[in-house]
Amino acid sequence: MQTALQLLFTALQIGSIYILFSLGLTLIFGVMKIVNFAHGQFFTLSALLVSVLVPWFAHHDVPLLPAYLLAAVIAVAVSVALGMLTYQFGFRFFQRDLSGSFILSIGLVLLLEGAYLHYFGGAVRTVPPIIAGDVSILGVTLTSQRLLLGLAAIVATGALYWILMVTQFGKAMRAVAIDHEAAMLQGIPFKRIAFQGFAVATLLGAVAGALLAPISVISPTLGADYLIKGFIAVIIGGLGSVPGAIIGSLFIALVESIGGFYFDPSIANLTIFILVMLVLMVRPHGLLGNR
Amino acid sequence: MHKIFHNQQVFLTLTLALLSLGSLFLRDAYSINLAIWMALAALCAASLRFVTLIGELNFAIAAFYGIGAYGAGAALTVYNIPFLPALLLGGVIAALVSLVFGYVTLKTKGPYFLLIGFAFTEVMRILYARSDWLGGNSGMVGIFPPSAFGSYFPFFAIGLCSVMILALYLIERSSFGKVLTAIRDNDNVVLSVGINVHMAKVVCFGIGSFVAGIGGSLHGFTNNVISPGDFGFLLSTFALAYLKVGGENSPFGPMLGAIVLLALGSVAMGMGAGEHIFYGAAIVIAVLLFPNGLVGIFSWGYKKLVLDVRSKGEALHESRPAAKPLHKKEQVNG
Amino acid sequence: MDKRNIETSPIAASAAGHEVLARVTNLTRRFGGLVAVSDLSMEIRRHEILGLIGPNGAGKSTTFNLISGFFKPSSGRLYFDGKEVTGKSALEISRAGLVRTFQHGSLMRSMSVYENILIGAIGGLPHATKKERAIRVEETAEMLGLGPYLNEVAGTLPHGIQRLISIAIASAPRPKLLCLDEPLTGLNQTEVMTTLGVFEKIRQVFGCTILLVEHNMKAVMQICDRIVVLHHGQLLATGTPDDIRHNDTVVSAYLGKRHGD
């Protein structure tokens, strides 16, 4: 029972990063019908910047928490800016072109990953936890940092839901996702919505990266692993579905957690890949996907 | 129109023959090796291009290349099967696996097919790493061509690649190739006249994978060492780069892209990360600015210089709707 | 005479001088809660040109897709050329000799006219030589007046010619039953006349039977031997153009639809 709870909590904390990650992916796909494999690169950049800036600030005698917050804000801003650049000069022309956007994003992955390796070096970095100490819930020990991460994921998901369901902007996005031509006929400023949608998605990814920095070892190739899992989560849950992204992420995290504990990580990965192949063959639109 | 047909075929054959023979004149090990890698890269790109005839992007090409490599390697080092049968076995195993894989997965299209291919490549990679009899994570060693080949192995390898590229071209030009192109354009119409579209796709995929498998076998014999990491999705991405940069609409595209990128890449090879940046930038630039690749640029320039001298038939051949997409633009509403 | 009660025996039908090529009995197709086609029974006789008409939403497309195997029926049976084909796939039915066109773009735009028709020839002559297929392509192209366009890229040609190309592709395999899905849409008067002439030629020279779904009422009245009228997924009337013209229920169905809109 103890083990089960531990595994569950591990799954939840892995899952919360995947959730933040895949929410962005599914949003981009849902609204703009773009397959963006480069999503991970904005995530990575944010994490990298935080892992570089926090020690720098600390070196200049800034206390840890403000240093982290400042670094996070800068990192997220830069990452989002980069994301919007790729949108403005790239993805914007590949809306509703699923394979074309994929090819472009693959090229970007190589390009950006190489650039990160070049500028940040291959060495891994760590950032000291912002909130030290452990917390005990139901007899399971968690670091407070990870708990914070989980809460952040919940908050972000809630915020996204609120945006999508309540705000004008969100409703417009949903309209575009369902039928972009009809939305255009209704006078919805489609281009602006797409731009802002991409921005929100990238923001989610960048925030995830900033939140991850204190917990995990950061390397320039960080994005790749999360990307693959995030995509698989989105595919299983259904490309374009927000609840699907959440369910898919938690499911993947669970498989990883259990598989990693009873077997080993590569078996867990193998299972996940085979699962996604099956899903793509039997039900390509995923569990909750539209169309 | 027949004139053009013969011209292109003749031109391609000549080019391939010249390139293959030319390799005999290379003297230093570095150039020879580079030439073989160029040939293998061109072969992968040509295989990828062949599958685009049905409108699909075969991201599993790395998996079948790897199956070929491991198939031939295991045949040689584990089962002591002689060189030539081992080489062929790599291709045959890849083809058989691909027929099963294709039969099941080609019911899906576009990004879904692509992602399945991606996942499959990773599955194979993990399987190699976990298989100790294949050398596990450290890989397999000792894959050597017979010493009887002497210094003629590079010529053999490059020649074999050329022959297969030519074969793919001839198939593309045949009735079967026309059926494939029609499937990409409008598969419902092809089905409506009684052609088994699904099987045609599977066979196309099988042919492309056989070629990739042979390429993988050659890779093993060239490198003498193979490891799981060689056959991940990165390889598929590079093949895509060669194809996109060279020009996906022309049978010369794969060769041109492979030669140019590998030549330039060998210059940039000094910086470890530089290779990725280089290939990544190549794909991005090709996709955004030159959808027809280098071949597109050349033919555009050629047309500009040689104005209206051409006859109607030839001009028509050049003016095929440009940039027929690699992939089927999935009719996505919303 | 044609009555709404269809004889259930194919033998009785051919005994009356009308050999039946295809028939459906009690054909029904549901999509969730919607019944698109309900208890439809009709026959298609050899060498006739049969028109399938009805107001929008009458179930014409669904019937078309059911007959050609692109949809499976929820219930009911299909017979083609003496054999039962209920539930058979589109591929099996097209191989049995039923070729259909599609409403929008029933051709390969990126290929030449020659290559387009060649696909039809390959479908119809799977084991023939290149020469034999070439002859088939040229004969078909001649019949449809496409000779001058053979080397052109299909997508660059005017709409009317593209329609002819799609008909050429479909008739290249010399099908027993040629099913045309709204082939006259977007054509002007002259083009319609030409195309109707082509239908007649296909029937006479290629020996095809033709099933025509169309909205162009004038053309339908002109070219069809018999007409089947659908309404709300059900059979409303069957008969010669004269019968249909004077059939009150048909007239009110169309008028009622117009008034109701």
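Arg203(C) is buried, with a relative accessible area of 15% (buried means under 20% relative accessible area, exposed over 50%, and partly exposed in between, with a 1.4 Å probe and protein chains only). This residue belongs to a predicted model, in which local features need pLDDT of at least 70, side-chain atom pairs count only at pLDDT 80 or more, and totals for chains, interfaces and linings use all residues; side-chain values use heavy atoms, with hydrogens and water left out. Residues are numbered from 1 along each chain as its sequence is written, while chains are lettered from A and ligands numbered from 1 in the order in which they are written.

Arg203(C) forms a salt bridge with Asp225(C), with the closest N and O atoms 2.8 Å apart; a salt bridge here is a side-chain nitrogen of Lys or Arg within 4 Å of a carboxyl oxygen of Asp or Glu. The two residues come from distant parts of the chain, 22 residues apart: Arg203(C) sits in helix α7 (residues 189-206) of chain C, and Asp225(C) in the loop between α8 (217-223) and β9 (226-231) of chain C. Helices (H or I, at least four residues) and strands (E, at least two) are DSSP runs, numbered from the N terminus. Asp225(C), at 31% relative accessibility, counts as partly exposed.

Further salt bridges can be followed in chain C. Glu139(C) pairs with Arg174(C), the closest N and O atoms being 3.6 Å apart. This pair also links distant parts of the chain, 35 residues apart, with Glu139(C) in helix α5 (residues 130-143) of chain C and Arg174(C) in the loop between α6 (159-171) and β7 (177-181) of chain C. Glu139(C) is partly exposed, at 42% relative accessibility.

Asp242(C) and Arg245(C) meet through their side chains in a salt bridge of 3.7 Å, N to O. Because they are 3 residues apart in helix α9 (residues 241-245) of chain C, about one helical turn separates Asp242(C) and Arg245(C). Asp242(C) is partly exposed, with a relative accessible area of 44%, and Arg245(C) is partly exposed at 43%. A network of salt bridges links Glu19(C), Arg46(C), Asp81(C) and Lys176(C). Over all chains, the structure holds 18 salt bridges.

Attention now turns to how the chains meet. Of the 2 pairs of chains that touch, chains A and B have the most contacts, where contact means heavy atoms within 4.5 Å. Chain A and chain C do not touch, and their nearest C-alpha atoms are 15 Å apart.

Between chains A and B, 47 residues of chain A are in contact with 43 residues of chain B. The area buried there is about 3800 Å², with carbon and sulfur atoms giving 79%; buried area is the accessible area (1.4 Å probe) that two parts lose on being put together, summed over both. In chain A, Ile103(A), Leu110(A) and Met277(A) lose the most area to chain B, together 17% of what that side buries.

Across this interface of chain A and chain B, the rule finds 1 salt bridge. The side chains of Arg130(B) and Asp264(A) meet in a salt bridge at 3.1 Å, N to O. The elements that give two or more residues to the side of chain A that touches chain B are α4 (98-120), α6 (168-178), α7 (180-185), α9 (222-237) and α11 (265-282) of chain A. Among these, α4(A) gives the most, with 16 residues.
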